[in-house]
Amino acid sequence: MLITSPQDPERLRELASRIGERLSTRTDEISESMSAAIEGAVGELDDDYARASLHASVRNNVEVIVHLLARSQAPHDLPPVPEAVRYAVELARSEVPSASLRRAYHVGSDNLLAHIFDGVREIDCESHEQLPLFHHLAGWLYQYVDEITRTVMAAYDDELQSSRSRAARSVNTVVSGALSGEFTDLATFASTTGYRLDQLHLGARVWIDDYGSARDQERVLTSVVGHLTEELRVGSTPLTVFTDRATAEVWFGWARRRPPLHTSSIAPVVTSAPQARIAFGAPAAGIDGFRTTRAQAARTATIARVSTVPAAHVVSYADDGIPIVARLAEDLPATRRWVGEVLGPLARDTADAARQRETIRVFLESAENYSDTAARLLLHRNTVKYRLTKAEDELGRAPGERRMDTQLALTTCHLLGGAVLTPTTATGADA
């Protein structure tokens, strides 16, 4: 009868214990062999500065394995493994991928299996016992690797999170200092943040609107910033500071002046994250520009936060009228009253009033040229004349009168939408 039957667990443990005792006399040799195998197979771990730590971790594991085997203990009886944990922490601090650490344990276990196989062939036992014994030891080693990787990966993840938190705090500290004027050491800022202050900056505020119950939107925000970096053709990594779980402040930098930003080219970025909102400052240079463009982005963000118009999901302080509309967006009740005073019935939140507003807005932007207005709106020239005549009746004056107020009120409606329009009842909508 084969030894693999359930009635023979004691025999398997006895033989496994003898294997452990034999291996305990060769820990130096096994450790060196295992370390060499890992260094050869996992390139990220073949570094001179960390080699001593790797060897100490391997030796720690080998000693624990042979100790447990020799005493017939289960892998879940894992004793403290300080060197193995210390090495995992060191890798996390160096931001070596966790996959490299996991692979090291699999490479190491394969190497150890070869030594175990030699031990099984050399041990004094019946030939029919060798294969079941090897299977038993292979299963035991698999359980050990599962147990030890859970232990070291927990230490790795904890340290990685702590390291990133410390780094973020350091970045936040120097950024806050630069914004407040308390910190102006350009070299220290660059070494801490990876971003230079002595260049042209474009500040942005990026956030996720209505993120629901999700705990954290950092991954989505990081993706949006990545798309912006590509679209803006930024040659260096932008500086990103997360201010809460759904908001980030970002600075994009260039060594020389760049072409003007067109928000229409950026709009497709929010398609990949439908709840994303983006507000840009205007490009500005140096440390003063670093502060100014950020303040502009923060002010412009008010438009994207309150607007009901999809086109306002991406806004830029450098666009015509935006600085003034951003100020108006800070007090919606007062702005709504003012828009109503300037536009009268055309301030109503109806589709008909919206058509009239858009026609007048484009007409005034086109220097009151009927043909240009018709071309921009894709309408017949006579249709434009009809709408303008109707709008003049609604306004009680020619569109060109009170030109500055009229244009600003129309631009405000165009950017903020229903947030500044006069609500209407169902019966009063769309004449």
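The largest pocket of this predicted model holds about 830 Å³ of space. Its lining counts 23 residues, and those closest to the centre are Arg164, Ala168, Glu218, Thr240 and Phe242. H6 gives the most, with 8 residues. By type, the lining divides into 8 nonpolar, 9 polar and 6 charged residues.

Is Thr229 buried or exposed? Thr229 counts as buried because its relative accessibility is 16%, and the cut-off for burial is under 20%. Beyond its neighbours within four places in sequence, Thr229 is in contact with Val234, Ser236, Pro238 and Phe252.

Next comes the second largest pocket. About 550 Å³ of space lies there. This pocket, too, has a lining of 23 residues, with Asp320, Ile322, Thr411, His414 and Leu415 nearest its centre. The elements that supply two or more lining residues are helix H9 (263-266), strand E6 (314-316), helix H11 (322-328), helix H13 (351-365) and helix H16 (403-416). H16 provides the largest share, 6 residues. The lining of the second largest pocket is made up of 11 nonpolar, 8 polar and 4 charged residues.

Rolling a probe the size of a water molecule over the atoms shows where empty space is left. How many cavities of 30 Å³ or more does the structure hold? There is 1. The largest cavity contains about 150 Å³ of space. It is lined by 16 residues, and Met34, Asn61, Ala104, Tyr105 and Gly108 are the closest to its centre. Helix H2 (27-41), helix H3 (48-70), helix H5 (98-122) and H6 each give two or more residues to that lining. The cavity lining divides into 12 nonpolar and 4 polar residues, with no charged ones.

The packing of side chains follows. In soluble globular proteins, nonpolar side chains tend to be buried together. Here the largest nonpolar core has 45 residues. Ile38, Leu45, Leu101, Leu133, Leu137, Tyr144 and Tyr156 have the most contacts inside it. At least two core residues come from each of helix H1 (9-24), H2, H3, helix H4 (82-93), H5 and H6. H6 supplies the largest share of this core, 11 residues.

A second, separate core has 33 residues, among them Ala279, Ala312, Leu332 and Leu388.

Last, consider helix H10. H10 covers residues 286-306, 21 residues in total. From first C-alpha to last, H10 reaches 31 Å, close to the 30 Å expected at 1.5 Å a residue. An α-helix has 3.6 residues a turn, so residues three or four places apart point the same way. The buried residues of H10 can be read against that pattern: they are Gly289, Phe290, Thr293, Gln296, Ala297, Thr300, Ala301, Thr302, Ile303 and Ala304.

How values were computed. Residues numbered from 1 in each chain as written. Predicted model: local features only at pLDDT ≥ 70, side-chain atom pairs only at ≥ 80, totals over all residues. Heavy atoms only, no water. 1 Å grid on protein atoms, 1.4 Å probe; cavity = no way out; pocket = protein on both sides within 12 Å on 5 of 7 lines; lining within 4 Å. Points joined across faces, edges and corners; volume = space filled by probe spheres on them. Helix = DSSP H or I, 4+ residues; strand = E, 2+ residues; numbered from the N terminus. Nonpolar A, V, L, I, M, F, W, Y, C, P; charged D, E, K, R; others polar. Expected span 1.5 Å × (residues − 1). Buried < 20%, exposed > 50% of the residue type's maximum accessible area, 1.4 Å probe, protein only. Contact = heavy atoms within 4.5 Å. Core = buried A, V, L, I, M, F, W, Y, C linked by side-chain atoms within 4.5 Å.
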